[in-house]
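Trainee: Hello! Could you show me how to read a structure, one feature at a time?
Mentor: Gladly. Let's open the model and talk it through.

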Amino acid sequence: MGVLISSMKPLEAVYQTRTKELEGLQQSIEELTAQVQSLEGSKGWLELRLKETEENMEKNTLEKQEEIKRLQQEHSLQLEAKVSKIIEVTKKLDEVKKKIEEQNKTIGMLKQEIEDTLDGQRILEKKGSAVLKDLKRQLLVERKRADKLQERLQEILTNTKTRTGLDQEMTLNVQLKPGETCNRYELLAWLN
């Protein structure tokens with residue numbers, strides 16, 4: 001047994017060493033187990049936070065999608081309103097353009113009428129001027145003729161006073177207008 005005991009001593013030393021190592025490892029295992037449990041608690045807390053965050057993100061995403069949808073609807077309504085207003089303004093603009101065209105046509109017609117009237121007035125003025133000149137010329141001719149007749153009458157009156165018979169037929173070389181006739185009795189009545 002002595003040999004056995006002596007051979008056991010190194011084993012005992014190895015055993016004690018191993019036991020100490022095991023105790024150290026046991027302590028490390030306990031610390032690691034505590035850490036694992038702590039990590040699992042943290043994991044649970046993190047998973048809970050992750051789930052809350054995902055739910056919040058999903059909720060926010062839905063809210064944002066609804067907000068986007070609402071804004072798109074508002075934008076569509078505003079766009080439709082603006083398009084209808086543009087159409088209305090375009091129609092009014094077309095109406096104004098048509099009115100302007102009609103007024104321009106009317107203005108053109110009135111200008112032409114004025115121009116035609118002025119041309120007519122110029123022509124009438126020229127004709128009137130020509131007629132006036134002709135009438136003045138005729139008046140001059142008639143005055144000369146009247147003067148000649150006056151002279152002839154004076155001659156006849158002076159000659160007839162010296163003559164004894166007023167019944168005698170008198171011949172006058174009187175210029176008459178075309179279409180005028182004069183008998184001798186009218187002439188004698190005129191002379192007296």
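**Reading one chain, step by step**

Mentor: Lys 92 and Glu 88 both sit in helix 1, and because they are four residues apart, about one helical turn separates them. This is a predicted model, so let's keep that in mind as we look at such pairs.
Trainee: What do Lys 92 and Glu 88 form together?
Mentor: They form a salt bridge, and the closest N and O atoms are 3.5 Å apart. The pair counts as one since the cut-off is 4 Å between a side-chain nitrogen of Lys or Arg and a carboxyl oxygen of Asp or Glu.
Trainee: Is Lys 92 buried, partly exposed or exposed?
Mentor: Partly exposed, because its relative accessibility is 48%. Glu 88 falls in that class too, with 44%.

Trainee: How many salt bridges does the structure hold?
Mentor: There are seven. One of them links Arg 49 with Glu 52, with 2.7 Å between the closest N and O atoms. Both residues belong to helix 1 and are three residues apart, about one turn of the helix. Arg 49 has a relative accessible area of 39%, so we call it partly exposed. Glu 52, at 32% relative accessibility, is partly exposed as well.

Trainee: Which residue forms a salt bridge with Asp 119?
Mentor: Arg 122 does, and the closest N and O atoms are 2.6 Å apart. Asp 119 and Arg 122 are about one helical turn apart because three residues separate them along helix 1. Asp 119 is partly exposed, with a relative accessible area of 31%, and Arg 122 is partly exposed at 45%. Elsewhere, salt bridges with shared partners join Glu 67, Arg 70 and Glu 74 into one network.

Trainee: Now for the surface. Which residues form a nonpolar patch there?
Mentor: Leu 22, Leu 25 and Ile 29 do, and together they have about 300 Å² of accessible area. Take Leu 22, which lies in helix 1, spanning residues 2–162. Leu 22 counts as exposed because its relative accessibility is 54%, and the cut-off for exposed is over 50%.

Trainee: How many helices and strands are in the chain?
Mentor: Two helices and zero strands.
Trainee: And what share of the residues is buried?
Mentor: Buried residues make up 4% of the 192 residues in the chain. The chain exposes about 18,100 Å², with carbon and sulfur atoms supplying 58% of that area.

Trainee: What pLDDT does the chain average?
Mentor: The average is 81, and 79% of the residues score at least 70. Think of pLDDT as the predictor's confidence in each residue, from 0 to 100.
Trainee: Where does pLDDT stay under 50?
Mentor: Over residues 164–179, and for that stretch the model has 17 contacts beyond four places in sequence.

Conventions
Residues numbered from 1 in each chain as written. Predicted model: local features only at pLDDT ≥ 70, side-chain atom pairs only at ≥ 80, totals over all residues. Heavy atoms only, no water. Patch = residues over 30% accessible without salt bridge, like charges linked within 9 Å, V, L, I, M, F, W, Y side chains within 5 Å. Areas by Shrake-Rupley, 256 points an atom, 1.4 Å probe, with all protein chains shown as cover. Buried < 20%, exposed > 50% of the residue type's maximum accessible area, 1.4 Å probe, protein only. Contact = heavy atoms within 4.5 Å.
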